[in-house]
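Trainee: I would like to learn how to read a helix pair. Please bring up the model and take me through it.

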Amino acid sequence: MAWQSVVRVANTKAHQTAGWQHFRCWGVLTMSMACAEAPEPRFAAAVRLGGVEVSADVLNQGERLYRRYCASCHGEDGSGTGAMAKQLPFPPRDLRTGQFQTASLDADALPSDDDLESIVRDGRPARGMPGWAGLRPEDRFAVVQFIKTLSPRWQAPNDALKSDALKSRDR
Ligand code: HEC
């Protein structure tokens, strides 16, 4: 009887140790993956985009989401040359131009945040871009603010703003 319980205890110990080793491996692996995914935040200060100040926190959050959800097609720099771009029936938009089809404004005006947010929410399914209806509205807002930093259009002097669509939004 006694030896049996010793074996039982020994077995349990062995299992626990193996389990711990396993856990440690995964722990280290996940930690290093998390580190690899988190480069230094790019924005140290707020940026004025289309005359509206956007905080560094929002832009850093937007960049993080952009890298995760958008860069595979649109490319890290927004040029539309991400790794998946060649497999798509239509080229992803070059976000550096700041020109969009789904803009309710005339071509000379900057698209409004609402225009951009609805593109991100609904995607362009017929053209190969999925929608992100499941993203929290504040995350969609952040990614939209970030894509504006990819184009010089939003940094141009405010004469680019022909309509009042970008009239200071206090978000
Ligand atoms: C699977 C590839 C893919 C992913 C991922 C993707 N897009 Fe796109 N995107 C496209 C394609 C293709 C187009 C061009 C659609 C067209 O020609 O009408 C496009 C177009 C756009 C446009 C321009 C739409 C217009 O009306 O002109 C914007 C803005 C945009 N994408 C933003 C984003 C953002 C932000 C993300 C991440 C949240 C994203 N895209 C993720 C493929 C993608």
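Trainee: Which hand does the crossing of α4 and α5 have?

Mentor: A crossing is left-handed if the near helix is turned anticlockwise from the far one by less than a right angle, and right-handed if clockwise. The crossing of α4 and α5 is right-handed. Helices (H or I, at least four residues) and strands (E, at least two) are DSSP runs, numbered from the N terminus. Bear in mind that this is a predicted model: local features need pLDDT of at least 70, side-chain atom pairs count only at pLDDT 80 or more, and totals for chains, interfaces and linings use all residues. Residues are numbered from 1 along each chain as its sequence is written.

Trainee: At what angle do the axes of α4 and α5 cross?

Mentor: Axes are lines fitted to C-alpha atoms, for helices over the stretch in contact, and angles run from 0 to 180 degrees between N-to-C directions. Here α4 (residues 113-122) and α5 (residues 137-148) have axes that cross at roughly 115° and come within 9 Å. That is why α4 counts as roughly perpendicular to α5 (65 to 115 degrees; under 35 is roughly parallel, over 145 roughly antiparallel, the rest oblique).

Trainee: Which residues of α4 and α5 meet?

Mentor: Contact requires C-beta atoms, placed from the backbone, within 7 Å. From α4 come Asp 113, Leu 116, Glu 117, Val 120 and Arg 121; from α5, Arg 140, Phe 141, Val 143, Val 144 and Ile 147. By class, this contact has 6 nonpolar, no polar and 4 charged residues. Ala, Val, Leu, Ile, Met, Phe, Trp, Tyr, Cys and Pro count as nonpolar, Asp, Glu, Lys and Arg as charged, and the others, Gly among them, as polar.

Trainee: Which residues in α4 are buried?

Mentor: Buried takes 20 or more other C-beta atoms within 10 Å of the residue's own; exposed is 12 or fewer, partly exposed in between. In α4, Asp 113, Leu 116, Ile 119 and Val 120 are buried. They lie on the same side of α4, because they cover an arc of only 130° around the axis, taken from the directions from the helix axis to the C-beta atoms. The buried residues of α4 pack against α5.

Trainee: Why does Ile 119 count as buried?

Mentor: Ile 119 has 22 C-beta neighbours inside 10 Å, so it counts as buried.

Trainee: What follows α4?

Mentor: Gly 123 does, with a positive phi near 65°.

Trainee: What pattern does the protein follow along the sequence?

Mentor: The order is α-β-β-α-α-α-α, with 5 helices and 2 strands.

Technical notes
Two residues are in contact if their C-beta atoms, placed from the backbone, lie within 7 Å.
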